[in-house]
Amino acid sequence: MSSSVRLIRNHRLAQQVPYAYAAVADAPVRSIWVAGACPLDLDGATVAAGDYAGQAHQVMRNLVTALEGAGAALTDVVKTTVYVASSRQSDLVTAWEVYREHMGGHDVPSTLLGVTVLGYKDQLVEVEAVAVLPSAGT
């Protein structure tokens, strides 16, 4: 699958960050907004209670599934936001490392932040994404 996404790096900004600073998707494209992927199993139960890495893996599997339902893949993502229910930077890093493992070399612009609480019982991690595909007419 060919991606419509071009990641932008800028030599005037820090190069040590593990993501691109911007992404470009030239029109015409079909846009996909993915609801926050949560660490839920098919029965709606939160998996891996208390385990940031375990929940992040489930979140990323669910994100891939949601994207596939729209005909997209992780390489079509142009922006993500990673939410981690913790005030400890080490917990954010744990979730981020799993996120990066799944994203591979597609290091899209992303925001990583710690939040007080997420929506489901025992939920620690959530990832939302925006993706683009070439327009059906191209």
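Trainee: Does Asp91 count as buried or exposed?
Mentor: This is a predicted model, in which local features need pLDDT of at least 70 and side-chain atom pairs count only at pLDDT 80 or more, while totals for chains, interfaces and linings use all residues. Residues are numbered from 1 along each chain as its sequence is written, and side-chain values use heavy atoms, with hydrogens and water left out. Relative accessible area decides the class: under 20% is buried, over 50% is exposed, and in between is partly exposed (1.4 Å probe, protein chains only). Asp91 has 9% relative accessibility, so the residue counts as buried.

Trainee: Which residue forms a salt bridge with Asp91?
Mentor: A salt bridge needs a side-chain nitrogen of Lys or Arg within 4 Å of a carboxyl oxygen of Asp or Glu. Here the closest N and O atoms are 3.3 Å apart, and the partner of Asp91 is Arg88.

Trainee: How many salt bridges does a search of the whole structure find?
Mentor: One of them joins Lys121 to Asp122, with the closest N and O atoms 3.4 Å apart. Lys121 is exposed at 66%, whereas Asp122 is partly exposed at 41%. The search of the whole structure gives a count of three.

Trainee: How many residues apart in sequence are the parts that Asp107 and Arg9 tie together?
Mentor: Asp107 and Arg9 form a salt bridge whose closest N and O atoms are 2.3 Å apart. Asp107 is in the loop between helix 2 (89-103) and strand 5 (110-115), and Arg9 is in the loop between strand 1 (5-8) and strand 2 (22-25). Helices (H or I, at least four residues) and strands (E, at least two) are DSSP runs, numbered from the N terminus. The pair therefore ties together parts whose separation in sequence, in residues, is 98.

Trainee: How do the rings of Tyr19 and Tyr21 pair?
Mentor: Rings of Phe, Tyr and Trp (its six-membered ring) pair if their centres lie within 6.5 Å; planes under 30 degrees apart are stacked, over 60 edge-to-face, and the rest tilted. By this rule there are three aromatic pairs. The ring centres of Tyr19 and Tyr21 are 5.8 Å apart and their planes stand at 75°, so the pair is edge-to-face.

Trainee: Which residue in helix 2 pairs with Tyr19?
Mentor: The ring centres of Tyr19 and Trp96 are 6.4 Å apart and the planes are at 85°, so this pair is edge-to-face. Tyr19 lies in the loop between strand 1 and strand 2, so the pair ties together parts 77 residues apart in sequence, and the partner in helix 2 is Trp96.
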